[in-house]
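The sequence and structure come before the notes.

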Amino acid sequence: AIWGQLAGDRNGGPSRMAFRLANSLVSRNGFDKNHVVSAYYNWFRGPPYDTSLAFDTGNTFHQVFTHFSKGKPIEECAQLVQQRYNSAGCNAAHRSVPIICFGYIDDDQIVQIAKEEGSITHTHNIALEVSSSFVAMCRSIIRGNSLDIAIENALKHVSEDDIKTAYNYDVKYEELSKDGYAPNVLQSTLYFVKNNNNFNDTLEESLIFAGSENYCPVLVGILAGAMYGYTDISSDMCSHIDYRLEAQFKFIENQLLATWDLMN
């Protein structure tokens, strides 16, 4: 799932947010919201607080941390941005892969933690339910379940009609949307995964569909990566990855894998 995200993320922001979330989970031995907020904020500020300056974050992330820089509590910042922009975008889902892969987060906790993490920037229930149900679906697949069973598990955590439609409706290609509305991104993701039988074809078709947009290929990479595994990802699909980011993920990957050793 991790390398699938890296393969699908052709702009770079989601993977860099995911690395900071993963690093926080590992260093704090679990989810610590304040620590994650600090990691995101340091990236937002850039050097010397972080090794690089945030980019490709989406407007919601940028606006939330602009408010946060003025001393407002993060919850108030997210509410202010929600009131102005009413965002139900996919950024929370884009950065969610470390939650899927962090073994010390139990299956019965994963949805709530994904919602808490997503609420750092998004308060719209649609954005939070897409992210949290997507996390539940991917964890179910990692556990060895089929996509159909994983979707059933995801739907247990969904109340919003648009998200139910994204999971249930057998959409046609010409009906897909390239925008960043989270249910549309989820629906496109599921379309490409359901209509292919290997990682490379799945991701390639989503990249052609998305064009310069970076919405569904990120989730396609995560989901297809969880389904087919690292060995199914060709080197060509990863040739765009910055060598520094690749090194960071190789380091954090081993630490994430270690968290599965003590699981039942």
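**Helix packing and core**

Helix α11 (residues 161-168) and helix α12 (residues 182-194) pack at an angle of about 10 degrees, with axes 8 Å apart. That makes α11 roughly parallel to α12, a label for angles under 35 degrees. The model is predicted: local features need pLDDT of at least 70 and side-chain atom pairs count only at pLDDT 80 or more, while totals for chains, interfaces and linings use all residues. Residues are numbered from 1 along each chain as its sequence is written, and side-chain values use heavy atoms, leaving out hydrogens and water.

Contact of α11 with α12
- Asp162, Ile163, Thr165, Ala166 and Tyr167 in α11 meet Pro183, Leu186, Gln187, Leu190 and Lys194 in α12, where contact means heavy atoms within 4.5 Å.
- The residues of this contact divide into six nonpolar, two polar and two charged.

Core
- The largest nonpolar core has 84 residues, and those with the most contacts inside it are Phe65, Phe134, Met137 and Tyr167.
- Such a core is a set of buried Ala, Val, Leu, Ile, Met, Phe, Trp, Tyr and Cys residues joined through side-chain atoms within 4.5 Å.

Helix α9
- Helix α9 (residues 125-142) reaches 25 Å from its first C-alpha to its last, close to the 26 Å expected at 1.5 Å a residue.
- Asn34 is found in helix α3 (residues 33-45) and counts as exposed (over 50%) at 56% relative accessibility.

Technical notes: Axes are lines fitted to C-alpha atoms, for helices over the stretch in contact, and angles run from 0 to 180 degrees between N-to-C directions. Helices (H or I, at least four residues) and strands (E, at least two) are DSSP runs, numbered from the N terminus. Angles under 35 degrees count as roughly parallel, over 145 as roughly antiparallel, 65 to 115 as roughly perpendicular and the rest as oblique. Ala, Val, Leu, Ile, Met, Phe, Trp, Tyr, Cys and Pro count as nonpolar, Asp, Glu, Lys and Arg as charged, and the others, Gly among them, as polar. Buried means under 20% relative accessible area, exposed over 50%, partly exposed in between (1.4 Å probe, protein chains only). The expected span of a helix is 1.5 Å times one less than its number of residues.
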